[in-house]
Amino acid sequence: MSETSAPPAKPDPRLTAAIVASALFMQNLDSAAVTTALPAMAAEMGVEPARLGTAITAYLVSLTVFIPVSGWVADRFGAKRVFMAAIAVFTIASVLCGRATSVPEMIAARVFQGFGGAMMVPVARLLLLRQVRKEEMLSAMTWLTMPAMIGPISGPPLGGFLTDAFGWQSVFLINVPIGLLGLALVAWKIEDVPPGDPGPPDVIGLVLIGLGLALFMFGLETIGRGVVTVGIPEAALVLGLMFGWAAIRHCLRAKRPAIDLSLLRIRSFSQGVIVGSLFRIGAGATPFLVPMLLQVGFGKTASAAGLVSFATALGALAMKPLARPILRRFGFRSVLIATSVLSAAGIAVAALFTPAWPLSAIFLLLAAGGLFRSLQFTALNTISFADIPATRLSAATSFSGTVQQLAPALGVVLATTSLEVSKSLSGHHLAEVPDFAAAFIIAALVVLASCPFFLRLAPDAGAEVSGHRPLATRRAPAE
């Protein structure tokens with residue numbers, strides 16, 4: 001190339017966002033569809049639907065355990081190459097899930113699928129963030145999440161239809177054509193990112209984090225349910241906390257830690273990731289509870305439950321084009337506070353649902369709740385990276401991805417534990433409508449608990465990204 005040749009055009013971040021969103025689409029479609037198919041899976045495998053929640057939890061825990069290493073792997077082998085390999089693993093694991101004939105087989109396949117997802121979604125976000133300026137970040141995040149929202153929208157009705165028409169196995173097999181299409185688009189249009197030299201991985205930190213998370217989640221999922229020998233869940237919880245404490249101490253001292261805890265000194269990051277987890281835990285319980293309530297509590301078919309359940313995601317998609325102007329007008333702080341309260345109310349109202357309610361009324365209320373939760377998620381995902389230097393993006397995406405995937409796993413545990421406790425207190429053998437009502441109330445309170453922490457944000461927090469400048473801030477004299 002001659003010295004006078006024009007440099008290659010920079011890839012359009014909107015196109016990159018739309019393509020890498022294929023990974024989010026596949027993952028979200030899978031999660032939404034599997035939840036709808038859960039009662040049918042449980043019936044065929046001869047277990048209670050709530051107990052098959054371990055298949056969902058196993059996937060989410062696998063995601064959480066393997067995400068910390070995703071940033072290092074992307075830097076070492078190249079983000080595009082790792083992204084394509086992750087899509088391939090996720091697709092193959094989906095086939096194995098569809099062939100599972102028992103709960104242990106399903107859990108093993110879901111763990112493998114979680115490994116693919118752990119490398120897929122954080123690396124997709126990293127590919128995008130490395131190409132955008134701060135003022136482009138909010139727009140790029142919207143383009144990234146809008147296609148990904150099609151998964152939750154189409155997942156429940158598609159999962160219900162496939163389950164009723166072809167069996168629950170087809171819910172997993174639908175990922176095959178999606179994965180192949182995603183691989184083709186990434187290979188064709190995504191710019192290659194050359195590998196670098198991130199140094200040796202923090203093996204000790206990764207082992208401590210993995211053991212801590214796996215043991216802690218295993219203990220939460222099995223305690224008090226009689227599925228393993230008495231004392232094992234309690235021991236797992238204690239060991240999980242001990243390994244977690246050791247992991248924190250190690251990461252504070254290590255030169256290149258598996259999880260860079262110093263990122264928490266950045267207020268916008270700590271608020272978006274750590275405080276936002278309270279919101280994500282409560283919100284993460286509802287996609288599990290709603291289809292279960294409609295099928296187990298109301299006796300609806302999987303197709304009917306799916307058509308109603310997708311209302312939340314439909315409301316979320318409707319909010320996406322409005323997120324940028326709303327954040328520009330009101331700023332991150334006001335939006336996070338308001339959507340916490342409104343989202344909690346939207347979850348709590350589900351406690352009033354009974355079989356006498358028209359499905360259309362349930363649909364409208366779930367869609368309204370989806371509007372506010374979508375705006376909250378967009379704000380959280382964007383403000384988390386608003387003040388992160390480019391040199392620390394890999395560490396930030398790994399840290400954020402780990403916490404974000406742990407929260408939905410805890411949300412499912414919160415939902416199943418709430419149902420089990422309510423059943424025990426009321427003497428029910430199977431979950432009934434009042435048990436679901438109690439679970440919705442608990443999830444709403446967890447969401448509401450995030451609100452006081454958002455009050456601590458500065459009025460102009462993340463202003464460089466949102467473009468919001470409070471009047472008082474604009475008029476304040478320079479110090």
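A crossing of two helices is called left-handed if the near helix is turned anticlockwise from the far one by less than a right angle, and right-handed if clockwise. The model in these views is predicted: local features need pLDDT of at least 70, side-chain atom pairs count only at pLDDT 80 or more, and totals for chains, interfaces and linings use all residues. Residues are numbered from 1 along each chain as its sequence is written, and side-chain values use heavy atoms, with hydrogens and water left out.

**View A. Helices α11 and α14 pack with their axes 10 Å apart.** Helices here are DSSP runs (H or I, at least four residues), numbered from the N terminus. The packing angle of α11 and α14 is about 160°, which makes the two roughly antiparallel (angles over 145 degrees; under 35 is roughly parallel, 65 to 115 roughly perpendicular and the rest oblique). Such angles run from 0 to 180 degrees between N-to-C directions, and the axes are lines fitted to C-alpha atoms over the stretch in contact. The crossing of α11 past α14 is left-handed.

**View B. Helix α14 also packs with α13 (residues 311–348).** Here the axes are 3 Å apart and the angle is about 45°, so α13 and α14 are oblique to each other. Sorted by class, their contact has 22 nonpolar, 10 polar and 2 charged residues. In this sorting, Ala, Val, Leu, Ile, Met, Phe, Trp, Tyr, Cys and Pro are nonpolar, Asp, Glu, Lys and Arg are charged, and the others, Gly among them, are polar.

**View C. Helices α4 (residues 79–98) and α5 (residues 103–129) cross at roughly 155°.** Their axes come within 8 Å, and α4 and α5 are therefore roughly antiparallel. This crossing, too, is left-handed. The contact of α4 with α5 has 20 nonpolar, 4 polar and 2 charged residues.

**View D. A nonpolar surface patch is formed by I92, L96, F112 and F115.** Together these residues have about 330 Å² of accessible area (Shrake-Rupley method, 1.4 Å probe). Patch members have over 30% relative accessible area and no salt bridge, and nonpolar side chains are joined within 5 Å. At least two patch residues come from each of α4 and α5; F115 lies in α5.

**View E. R392 and D260 form a salt bridge.** The term means a side-chain nitrogen of Lys or Arg within 4 Å of a carboxyl oxygen of Asp or Glu. The closest N and O atoms of R392 and D260 are 2.7 Å apart. This pair links distant parts of the chain, 132 residues apart: R392 is in the loop between α14 (359–383) and α15 (393–426), and D260 in the loop between α10 (232–253) and α11 (267–297). The whole structure has 2 salt bridges.

Note on methods:
Patches are made of residues with over 30% relative accessible area and no salt bridge: like charges are joined within 9 Å, nonpolar side chains (Val, Leu, Ile, Met, Phe, Trp, Tyr) within 5 Å.
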